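Hi,

Here is the structure I promised to pass on. Have a look at it first, and my notes on what turned up follow below.

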Amino acid sequence: MHNLLVSGGAGFIGANFVHYMLEKYADYRIVVFDKLTYAGNPANLDPVRSDPRFAFVQGDICDLDAVRNTLRAHDIDTIVNFAAETHVDRSIMQPDAVVTTNLNGTWALLEVAREFKLERFHQISTDEVYGAIPLPQRSREGDPLEPRSPYSASKAGAEHLVYAYFITYGLAVTTTRGSNNIGPYHYPEKAVPLFTTNAIDDQPLPIYGDGRQMRDYQYVRDHCEGIDIVLHNGTPGEVYNVGTEVETPNIEMAHKILAILGKPHSLIAHVADRAGHDRRYAIDCSKLRALGWKSKHSFDTALEHTVRWFVDNQAWWRPIKSGAYLEYYRRQYVERGDAA
Ligand code: NAD
Ligand code: TYD
């Protein structure tokens, strides 16, 4: 495993993973294969752009020939698939894109991985595939998948395809189910970067419903370390949860962001709830810990690092919050009679 294709590597977690892997492994080469959708941003890869071990190819994972040509040209032995439509609210507004990219795209990558007899296919999945988990339960890898949004259903479907390629064709696959990530390069449509950038600008923080929904917010670097451990020490055919095992209600998260920034708590605005909103995800990560992994950042530390990054990197996010982003924001929040 030396020549990795990282699909979706121009997005939030993919870019952090590329930085992490190139820092850690002197002899690895990484090709980022990314369509550059609204969420893909070449600037996320600026820190590695001049590294001779790095290459970028713009392409769609649904395009079998483009994937084939890239694997051949770069002698790829491993695919790590981050490419996806990742926002639950967009998947509710317009469900076709999650089906196309998350399902068909994963299938196309698997098909080419099988053709090229790759050493490993690693699928980046999510704790959302388990569905809403009541207190005090915690999801383990063998639990049933009960996804409830178009996004999580497409991710669960993709996982089933990955497993089918392991059983049917003997492709060496692994899967990680990460909890919510936070950190640098997070596209400001997701809750933490949206609330942070709004708060910096003294704009309302739109909390869905009562804000008592809970998420396990983990620092993106911890997630990348978990993926790395599974790639190297995971068992083919197996799935591993990755998270902190601590859940925080959204309303508490929002108050903490305001406290870090010294902004008034009156910026919090309760707005109409998300349709079918999963109130809680909670995972048990003992299977990954048994491979030697542990989460290093508490929620407070991770949030502090994240908020500081957004304060220090306004040149990264200010251009994003314009044009098509504002159109999305208007449809998602203003037209629904919500915040802003
Ligand atoms: P992101 O939205 O920031 O980035 C997604 C990337 O995929 C973008 O660069 C985009 O251009 C690219 N992409 C989209 N469609 C493509 C296509 N058809 N072909 C090629 N590239 C395409 O997403 P993220 O938050 O970095 O998430 C990465 C992966 O991790 C996803 O698979 C997501 O489901 C999973 N995940 C995310 C979280 C989270 O908290 N963000 C948690 C668990 C799992
Ligand atoms: P999000 O970052 O979209 O991640 P996910 O839905 O995949 O977990 O949302 C995190 C939580 O924050 C989720 O419970 C929905 C909530 N949320 C809000 O309350 N307001 C918002 O504007 C957004 C985007 C999310």
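Let me start with Ser 152, which has a relative accessibility of 0% and so counts as buried. Keep in mind throughout that this is a predicted model. Ser 152 belongs to helix H5. Setting aside neighbours within four places in sequence, Ser 152 is in contact with Glu 128, Val 129 and Pro 147. If you want a distance to check your numbering against, its C-alpha is 31 Å from that of Ile 200, which is 48 residues away along the chain.

- Tyr 151 has a polar side-chain atom 2.6 Å from an oxygen atom of the ligand.
- Asp 60 puts a polar side-chain atom 2.9 Å from a nitrogen atom of ligand 1.
- With Leu 36 it is a polar backbone atom, 3.4 Å from a ligand oxygen.

On its own, ligand 1 has 830 Å² of accessible area, and the protein covers 97% of that.

Helix H1 runs over residues 12-24, and its 13 residues reach 19 Å from first C-alpha to last, close to the 18 Å expected. How much of H1 is covered? Most of it, with 11 of its 13 residues buried. Those buried residues run from Phe 12, Ile 13 and Gly 14 through Ala 15, Asn 16, Phe 17 and Val 18 to His 19, Tyr 20, Met 21 and Leu 22. The cover over them includes strands S1 (3-7), S2 (29-34), S3 (54-58), S4 (78-81) and S7 (180-182), along with helix H7 (220-233).

On to ligand 2. It has 20 residues around it, and Glu 128, Pro 206, Arg 215, Arg 274 and Tyr 333 come nearest. Glu 128 also turned up above, as one of the contacts of Ser 152. The shell around ligand 2 consists of nine nonpolar, five polar and six charged residues. Helix H3 (88-93), helix H6 (191-200) and strand S8 (205-208) each supply at least two of its residues.

The polar contacts I noted for ligand 2 are these:
- Arg 274 has a side-chain N or O atom 2.5 Å from a ligand oxygen.
- His 277 has a polar side-chain atom 2.7 Å from an oxygen atom of ligand 2.
- Ala 191 takes part through a backbone N or O atom, 2.9 Å from an oxygen of the ligand.

Ligand 2 has 510 Å² of accessible area on its own, of which the protein covers 97%.

Thr 175 lies in strand S6 (residues 173-178). Not counting residues up to four places away in sequence, Thr 175 touches His 122, Gln 123, Ser 125, Glu 159, Val 162, Glu 238, Val 239 and Tyr 240.

Cheers

Conventions
Residues are numbered from 1 along each chain as its sequence is written. Chains are lettered from A and ligands numbered from 1 in the order in which they are written. This is a predicted model: local features need pLDDT of at least 70, side-chain atom pairs count only at pLDDT 80 or more; totals for chains, interfaces and linings use all residues. Side-chain values use heavy atoms; hydrogens and water are left out. Helices (H or I, at least four residues) and strands (E, at least two) are DSSP runs, numbered from the N terminus. The expected span of a helix is 1.5 Å times one less than its number of residues. Buried means under 20% relative accessible area, exposed over 50%, partly exposed in between (1.4 Å probe, protein chains only). Contact means heavy atoms within 4.5 Å. A residue is near a molecule or strand if one of its heavy atoms lies within 4 Å of it. A polar contact is a pair of N or O atoms within 3.5 Å; within protein, one must be able to donate a hydrogen and the other to accept it, and residues adjacent in sequence count only if both atoms are side-chain atoms. Accessible areas come from the Shrake-Rupley method with a 1.4 Å probe; for residues, only the protein chains shown count as cover. Ala, Val, Leu, Ile, Met, Phe, Trp, Tyr, Cys and Pro count as nonpolar, Asp, Glu, Lys and Arg as charged, and the others, Gly among them, as polar.
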